[in-house]
Amino acid sequence: MRYLLIITFLCFLSIVSISAQSTFSIKGTVIHKTNRQPLDYVSVQLDGFAIGAVTDSLGQFEIDRVKPGIYKLKVSSLGYKTQLTPEYIVSNKNLNITIEMEESAAELQGVTITASAFRKMVESPSGLRIIGLQEIEKSPGANRDISRIVQLYPGVAFSPAGYRNDLIVRGGAPSENSFFIDGIEIPNINHFSTQGASGGPVGIINADLLREVNFYSGAFPVNRGNALSSVIDMKLRDGSTERHSLKATLGASEVSLSANGPLNEKTTYLFSVRQSYLQFLFDLLGLPFLPTFTDAQFKTKTRFNANNELIVLGIMGIDNMRLNTKVTGESAEYILSYLPKIQQETFTVGALYRHYSGIHVQTLSLSHSYLNNRNTKYRGNDESNHDNLILKLRSIEQQTKLRFENLTTLSNWSINVGASFEMGYFDNNSLQRFNDKFNENFIYRSHLNLLMWSFFGTASYTSPNERFTASMGVRADANNFSQTMNRLSKQVSPRVALSYELGKGFQLVGSSGLYYQRPQATAMGYKDEWGRWANEGLRYVSVWQNSFGMSWNMANRFEVSAEGFYKKYNHVPLSVVDGIPLACKGDDYGVIGNELLLPTAQGRSYGVEVLGRWIMPGRLNLSTSFTLFRSEYRNSSTDPYIASAWDNRYIVNLSGTYNFPRNWSVGAKVSCIGGSPFTPYDVERSSMVNAWDAQGRPYYDYTQYNMGRGKAFGQLDVRVDKSFYFKRSMLGFYIDLQNISKSIYQSPDVLLSTGVIANPDAPQSEQRYQMKYVEQKSGTILPTLGITFEY
């Protein structure tokens, strides 16, 4: 009822608003990509609209009377490649942008090449999805969280429970992804992240600062290493060169403030800060954990002259998760029995210098990342007695990274070569009850200093008529942790990508590559009970990725593509204690990798992806995807393959956003996913008093690993936006309802201790709890209401 009242109120506002809608201008400069000189007589148009301008002798243009909205610019000139720019938001001020153009021999020969809204890159013609501002700002159910936005695309699974955004791509683990912002690697993009993986309940990245996101599920660029399943390459907006702007957002779970503008004639800035009050929403929903977070981001960009620029950026997050012990009920009792209190601080700060020198572009980047993770758990959540301490984790990771690249453009060829050097530091001081022996503590302290280095290069070719493209690259990585990983020749990563246009919008694409990822610092820094490095035998995890597909493009507004993929994993760490691959862990809070491991497991994932997209500029953005796949692992080359934890078998998504008159926007998303495999509990072991008290949760029977399978799940998400534009300000309202369909997700029943000892007269080592099963269901509507003001 309250949601209906809110929507009615917004309708009333739109009717009584009599303010004339302001218009703005988009202006800027078009320059030659290589020599950085301005280009005259270039046509610049709003894509999909009949308004535009032509550059003057200084390469400058100005498009007047532009209504507020999200636009791409179509830029064309004789002898240059026609292109579509990334999307830009026109909201409460004029835009001033710089556009680069490349020469094209085909245009000079009279061959017309039309720019497509579905851009592809020569190095990554397959497995690449480019996400613009329309999807970032208004994707229903995503709450502007980039990890949830990419779940719309084929091959990306989602969590039916709804409280985490683990990135599971093409059957790979959450630990197999890499993240970059403006060329700077960001090890962690989530609050309350799982150390050693990548997931968490909410992202750190503020979408107010994003311009565009390149999401790679295959054919990774050679300069983006240490990834097996995906690379998310985010590009931030530049601050305004004309005036300062402020944006404030008040939502159901957080308040945020962002600003941008000029610092001087050569430097612009943008920053944001957010403070959550998520604990109030979770308390209202009756959840047993209460998370609070603060995050901040900034970016400055200095253009010293036409040939030199410097970007400095930073991102940080502070997290504190308390337990809501006043919540009652068996489900809450189970979560409270094992979930620790979590405190984390993380940050990355970096600088990227770019020099344009004719046909060469040199890039030098330097960054430092830091993570401080603290988990604490007391038996029964009773902190009054120190003997109740089950877990006390204190872990710090730091990385300093230096990378250099040189990109050379020669007619139809581009060649990129580079190298990187990294220094890593891992410190751990932990106390944990050891296995089933509650009276014994396992304490280990470790300090690991690590050196890592890599070399890479790629050559890409585009035919004169741009119908055929080819790219070949190679990368090699090494580190000084052990003799098995310190030689570049052991981790050589070749790759190739091809595309060919058959005609009439049909295109064939394919790629093949070998990719490597070093083990987690938590695994390399793990010591056994005698203080020795326990995992020196680990190796870089490798995966051969092969993909082949076809796409059909109609009028550059509608595209259908189908792509098949096959991934073959080797040297996957195997948990000695549990007897399962480490890659099948990482979708829960805490830490993975801090255990004894062997590099013997193998894996494979294969499937087919279908994607359809329909774009009407300024009006409609519709996308649908279907993925049919298998994900399997085995403990060694002689064992049979069994289903991995990520083997959902199929994923279906249908999402669309429509912009109505008077600045209304309505979006909806339907998501369906197959049932996840699950492992039955070891009731005999779990009921032992010493065993249960050691970890506060049941033990799995890994002899029956993933023999069960849960039920499929589907849900409907809806988002409604309404904006009011004035001369120098914007006022917006939005409501985002996740799982408005109230779909019920049925997890396997949880085995739980009653706390009552069934045989109190038996010796302590033989005592058992009386056990019970607790039904696990979730189907709560997650509402997000917000007000945005921009000036």
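**Close-up 1. The largest nonpolar core of the predicted model.** This core, a set of buried Ala, Val, Leu, Ile, Met, Phe, Trp, Tyr and Cys residues joined through side-chain atoms within 4.5 Å, has 34 residues, and those with the most contacts inside it are I131, I136, V150, I181, V213, I232 and M234. Two or more residues each are given to this core by α3 (133-138), α4 (146-149), β13 (177-181), β17 (210-216), β18 (230-236) and β23 (308-323), where helices (H or I, at least four residues) and strands (E, at least two) are DSSP runs numbered from the N terminus. Another core, of 31 residues, lies apart from it and includes F158, V541, F565 and W646. The model is a predicted one, in which local features need pLDDT of at least 70 and side-chain atom pairs count only at pLDDT 80 or more, whereas totals for chains, interfaces and linings use all residues. Residues are numbered from 1 along each chain as its sequence is written, and side-chain values use heavy atoms, with hydrogens and water left out.

Close-up 2. Leaving aside neighbours within four places in sequence, I136 is in contact (heavy atoms within 4.5 Å) with I131, R144, I149, A207, L210, R211, E212 and V213. R144 itself is placed in the loop between α3 and α4 and, although not a glycine, has a positive phi of about 60 degrees. With a relative accessible area of 17%, R144 is buried; buried means under 20% relative accessible area, exposed over 50%, and partly exposed in between (1.4 Å probe, protein chains only).

**Close-up 3. R119 and its partner E212.** R119 is placed in the loop between α2 (105-108) and β10 (128-131) and is partly exposed, with a relative accessible area of 30%. Its side chain makes a polar contact with the side chain of E212 at 2.2 Å, a polar contact being a pair of N or O atoms within 3.5 Å; within protein, one must be able to donate a hydrogen and the other to accept it, and residues adjacent in sequence count only if both atoms are side-chain atoms. Beyond four places in sequence, R119 is in contact with L84, P86, I130 and E212.

**Close-up 4. The loop residue N739.** N739 lies in the loop between β42 (730-738) and β43 (745-757), where its phi is near 60 degrees, a positive value in a residue other than glycine. N739 is buried, with a relative accessible area of 5%.
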